[in-house]
Amino acid sequence: MKTLITNIKELVQVREHTISKLQGIEMKELPSIKNAWLLIENECIADFGSMDSLPTLEVDSKIDATGKMILPSWVDSHTHLVYAGNREQEFVDRINGLTYEEIANKGGGIVNSAQKLQQTEEDSLYEQTVKRLKEVIQLGTGAIEIKSGYGLTLEAELKMLRVIKRLKEEFPITIKATFLGAHALPKEYKDNREAYIDEIVNVMIPKIAEEQLADYVDAFCEKGYFTVEDTIRVMEAGKKYGMPAKIHVNQFNAIGGIKAGVENSALSVDHLEVMNTEDIEALKGSETMPVALPSCSLFLSIPYTPAREMIDAGLPLALATDYNPGSTPSGNMNLVVSLACIKMRMTPEEAINAATVNAAYAMGISETHGSITKGKKANLILTKEIPSYGFLPYSFGSNHIENVFLEGQPLN
Ligand SMILES: N=CN[C@@H](CCC(=O)O)C(=O)O
Ligand SMILES: [Zn+2]
C-alpha cells in the first residue's frame, strides 16, 4: 500500500539519518522542506523531497496537502495513563487552599488512586484507559510511555501492566511500559519503607521481568516518598533484569536523584521543576535525557523546569505530558509544546525538537520515531491550514490538527 502526499506547505523535522538527541544550540535548528511531497509505503516513510523533484510514482492513494504542514507525531515519553476514576475532589481542595503535599498527607494523592485502582476490575480499567489513549492519539501523539504505580501491591501492579500489554497488542501506536512500584508507600508499610523496597526488588521486579510486562523501571525520588538510596536499589534491580530506569526526580526538592540517575545510566530523569547547579553539572556529558513536564507545573502551580538555563548550559531537553489523575489530568502534547514556549522560554524549534527527536530518545525509540526519515514509522501529524509551524505553539488552545497517521494509516 502506497500513499503519496503532495503540495505540503512545509515538511517539518526532516532528518537524512536518525539522530539520537539534540543538545544546547543544536536544539535551535528545525530542518524542513517547503512545498514538499512524502511517500508512505505500508507502515513506513519511504521517501520525500521538494515538489520540484517529484518523480512519477504509482500509488494507491493521493492526498493534496496544499496550505497544510506535516510533522512527525508527538512522542509522549512520560504518562500514567492507566488509572481508575479521577481526583476531581482534590482539585477543588487545592482551589480551596490545600497543597499537593497536604492532600497526600491526609491520605489523598497517589494512595487514593491506588485504593480506587485496587477495587477496579481489569476490564473496566482497560476501557477507562482506552478512552484516554484514543483521545491523545487524536491530539497527535504517535508513541507513548505508560507507567504502573497506582497498584502498590504485586497483584494490582500486575493488573496495570497487563492493561498496558493489552493496549500494546490492540493499538497501532508504539507503547513502552514502565514499572513504578516505588510511587508511594502503601499504608501497610507506613513505618517500614525498606521492607517495601525489599518487596519491589526481590519479588515484584523479578516477577514482572519473568512475565515480560515492563520495559523500564521508575521510582518517585522525593522527600516524603523514596530516598536516593531507595531509588538506587530500584535502578540496580531493574538493570539486573534488563529494564533501564526512567525516574521521577526534583519535582519539589533537589535531593540528589539526578546524579544517582546519571550514575546508574538512567535513560531519563523527569520533572526537574527544582534544579540546582550540581544537578545541571551532573547531566553534562551524560547519556541521560532530562524531561520537563510543563502541564504538571501549570496544574499544580509549581515552578517550571528552567529550560533556558539548561539548554544554554549545553544540555538536551525533552518534553512530555505526565498525564495522570493527580498532578496533570491532561495528555495534550500540543499544550505542552505551547507551555514550553510561553512559560519556559523555549523557541518553537526547541520545543518541537524536544517533543519529537529528544522525546523519542527518552522513550528508547530513536531508530523508529521522532523525525521524518526514510524507513521510520509513518506516524505523522497533518495540520490544518496554518501560516507557519511556529503558529502551533503561538495559537495555543486551538486544535490545528486535521488528521493523524499511525503506521501509515490515516485515522480520519
Ligand atoms: N509525582 C509523582 N507522580 C505523578 C503524580 C501522581 C499523582 O498525584 O497521582 C507525577 O509525575 O506528577
Ligand atoms: Zn509522572
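Reader: What should I know before I start?
Author: In this predicted model, local features need pLDDT of at least 70 and side-chain atom pairs count only at pLDDT 80 or more, while totals for chains, interfaces and linings use all residues. Residues are numbered from 1 along each chain as its sequence is written, and chains are lettered from A and ligands numbered from 1 in the order in which they are written.

Reader: Which residues does UniProt list for "binding site"?
Author: The unreviewed UniProt entry lists H78, H80, H248 and D322. They are spread over 245 residues of sequence, yet they cluster in space, with a largest C-alpha distance of 12.0 Å. Such annotations may be inferred rather than shown by experiment.

Reader: Where is H78?
Author: H78 sits in the loop between β6 (74–76) and α1 (88–95). Strands here are DSSP runs of E with at least two residues, and helices are runs of H or I with at least four.

Reader: Is H78 buried or exposed, and why?
Author: H78 counts as buried because it has 30 C-beta neighbours inside 10 Å. The cut-off for buried is 20 or more other C-beta atoms within 10 Å, with C-beta atoms placed from the backbone.

Reader: And H80, buried or exposed?
Author: H80 counts as buried, with 27 C-beta neighbours inside 10 Å. H80 also lies in the loop between β6 and α1.

Reader: Changing topic, what is the strand order in the open sheet?
Author: The order is β6-β7-β8-β9-β10-β11-β12-β13, with parallel pairing (at least two DSSP bridges between two strands). The edge strands are β6 and β13 (318–319), each pairing on one side only.

Definitions and conventions
A residue is buried if 20 or more other C-beta atoms lie within 10 Å of its own, exposed if 12 or fewer, and partly exposed in between; C-beta atoms are placed from the backbone.
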